[in-house]
Amino acid sequence: MLWGAGLRALGAQLGDAGTPAPETVAVAWRSWLQALVELGKAQVGDKTLLDAAVPFVETLSASLDAGLPGAWERAVAAAETAAQATAELSPKVGRARPLAARSIGHPDPGAISFVICVRAAAAALGDCD
């Protein structure tokens, strides 16, 4: 449900005509993130995919001077670092919450899967500059 809401928001910003400008892509990802925050009510530090998604979106927006592929690469690196750092957190919301302290030492699966998805999407960016 979260991914679906996010992808609908992202798609609404991107549209379906032509190749979007890098700035449009960044705005679309901010819309994706906003949809997840509104629906899921989680925040950074809750040990969810937001712990990786927020650094991804912030880095993407801040790095557009490197072109979309370069900004995306930097954003994926930021998300990867943040996803791995979730291993030190205890979940406050989401499916891992019942595991509480037992999940410490393991990165959040949602954060890791987010990184896998955005890393895989990087292959499609070669023609976006």
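Which residues of α3 are buried? Before I answer, a word on the model, colleagues. It is a predicted model, in which local features need pLDDT of at least 70 and side-chain atom pairs count only at pLDDT 80 or more, while totals for chains, interfaces and linings use all residues. Residues are numbered from 1 along each chain as its sequence is written, and side-chain values use heavy atoms, with hydrogens and water left out.

The buried residues of α3 are L50, D51, A52, A53, V54, P55, F56, V57, T59 and L60. Here, buried means under 20% relative accessible area, exposed means over 50%, and partly exposed lies in between, with a 1.4 Å probe and protein chains only. Helices are DSSP runs of H or I with at least four residues, numbered from the N terminus.

Because 10 of the 13 residues of α3 are buried, this helix is largely enclosed by the rest of the structure. What covers these buried residues includes α2, α4 (67-85) and α5 (109-121), where contact means heavy atoms within 4.5 Å. From its first C-alpha to its last, α3 reaches 18 Å, close to the 18 Å expected at 1.5 Å a residue; the expected span is 1.5 Å times one less than the number of residues.

Are they buried or exposed? K41 counts as exposed because its relative accessibility is 64%, whereas K47, at 2%, counts as buried.

Methods:
Helix = DSSP H or I, 4+ residues; strand = E, 2+ residues; numbered from the N terminus.
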